[in-house]
Amino acid sequence: MSEFRVNVQAPSNIALIKYMGKKDAHLNIPENSSLSMTLKSLCSLVDLQVSFPEKGQEKGSIRWVPEAPDFRWEGLDPQRPLLVPPLQGHGVSRVIQHLDRVRSVMPEVFCQFGLKMDSERLKNADFRVRTANTFPASSGIASSASSFAALTLAMAAACAQESSAFQNAWISEPRFKRALAQISRTGSGSSCRSFEGPWVLWQGEAVEGVEASRMPPMAHFVILVRTEPKKVSSSQAHAWVRTSPLWKGRVDRVEQRTEKMRAALAEGDLSTVARIAWTDSWEMHSLFHTCAEPFSYWEPGTIEGLHWFAPLLQESSPPIVTLDAGPNIHVIVEKAQQQQWRDRLHRCFQGQRILEDEQGTGASLIRISEGAWTQ
Ligand code: PMV
């Protein structure tokens, strides 16, 4: 029996203009454009082990193994624990179905980029996947974004007959990276924004980096108000928001915001970026609060926090404050002021856990073990 392994990492991302509402729930085509900042060390690691049993003993299986991958890479803060996600039946099948889907669409993608794949041999291979996150479950960081991006990249790399040709396309061909982002989107919508960075725009099926050369490097904090699993999944939220009276006009408003946000990022206009992000976060949560069966992710600590941040939007270098589909508060500030903000946040949110990260450049292929296809 021969075998090889693929090790990848993919970061999470935080949307400043939110993806909320699907045009096509099967393919995860969004109603509106969204724009995010890619994170760096708040990420998922995937170890995909592929083995080819002897002839006549092939079973052709994909299995999730609830163990942390045992590789590290220099971009990973050694202080961060690796946490295996507590996946149950549905979560495990979602992972397996996605890996299977990536394998089945890869011949078409490879064909466009001159890469080779032996579909027949891979169909009979046994895949074992180990995943872990560097952040706790339900901490307000989108683990589905980072995990599905990492799973997609790992399976795509495993399908390549020549790993050096794959690595070459991955590094030098932005269209290839974006083709993988599109496939990832079908497993988890927001994962398509985790393939590049720091600023990423997703419109319909297209994902691309946003020009922001005048923006300073940014740091990221999450104030953990509560870490219980959320009661309403983002899939339910995507469906329910349409029943809100505020849904009318949302798509047009978001498209206008997106254009303004792109211009502000190009100009390095942090005040405008912060203001638009604040508005869009409030609008998304207002949709939740006003739909036919209203629900809220907010906790008392969320509201207190938002009260505290509101006047800071007037500062000359304001924080970008946004909430995901959860109660925790994301704060993005200039990296040059990270220490001052760390002190300020720890003073004002005493006793609350605060996670820290910075902007990143997206998923990366760490290692494909030697002898992938040579035997
Ligand atoms: O990718 P999903 O289906 O989990 O949707 C995520 C939606 C939000 O996180 C609430 C907003 C966003 O754009 O990331």
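Strand β1 (residues 2–17) is mostly covered, with 14 of its 16 residues buried; buried denotes under 20% relative accessible area, exposed over 50%, and partly exposed the range in between (1.4 Å probe, protein chains only). Strands are DSSP runs of E with at least two residues, numbered from the N terminus. The model is predicted, so that local features need pLDDT of at least 70 and side-chain atom pairs count only at pLDDT 80 or more, whereas totals for chains, interfaces and linings use all residues. Residues are numbered from 1 along each chain as its sequence is written, and side-chain values use heavy atoms, with hydrogens and water left out.

Strand β1 pairs with two strands, pairing being assigned if DSSP finds at least two bridges between them. With β4, strand β1 runs antiparallel and is joined by 14 bridges. In this pairing, Asn13 stands opposite Thr38 of β4. The pairing of β1 with strand β13 (residues 364–368) is likewise antiparallel and extends over four bridges; here Gln9 stands opposite Ser364 of β13.

Thr38 belongs to strand β4 (residues 34–52). Thr38 counts as buried because its relative accessibility is 0%. A polar atom of the Thr38 side chain lies 3.5 Å from the backbone oxygen of Arg193. Such a polar contact is a pair of N or O atoms within 3.5 Å; within protein, one must be able to donate a hydrogen and the other to accept it, and residues adjacent in sequence count only if both atoms are side-chain atoms.

Arg193 is also among the closest residues to the ligand, together with Tyr19, Ser190, Ser234 and His238. In total, 14 residues surround the ligand, each having a heavy atom within 4 Å of it. By class, this shell comprises five nonpolar, six polar and three charged residues. The protein covers 92% of the 380 Å² of accessible area that the ligand has on its own, as computed by the Shrake-Rupley method with a 1.4 Å probe.

The model contains zero disulfides, a disulfide being a pair of cysteine sulfur atoms within 2.5 Å. The sulfur of Cys111 is too far for a bond because the closest cysteine sulfur, in Cys159, is 14 Å away. Cys111 counts as exposed, at 62% relative accessibility, and Cys348 as partly exposed, at 37%.

Conventions: Ala, Val, Leu, Ile, Met, Phe, Trp, Tyr, Cys and Pro count as nonpolar, Asp, Glu, Lys and Arg as charged, and the others, Gly among them, as polar.
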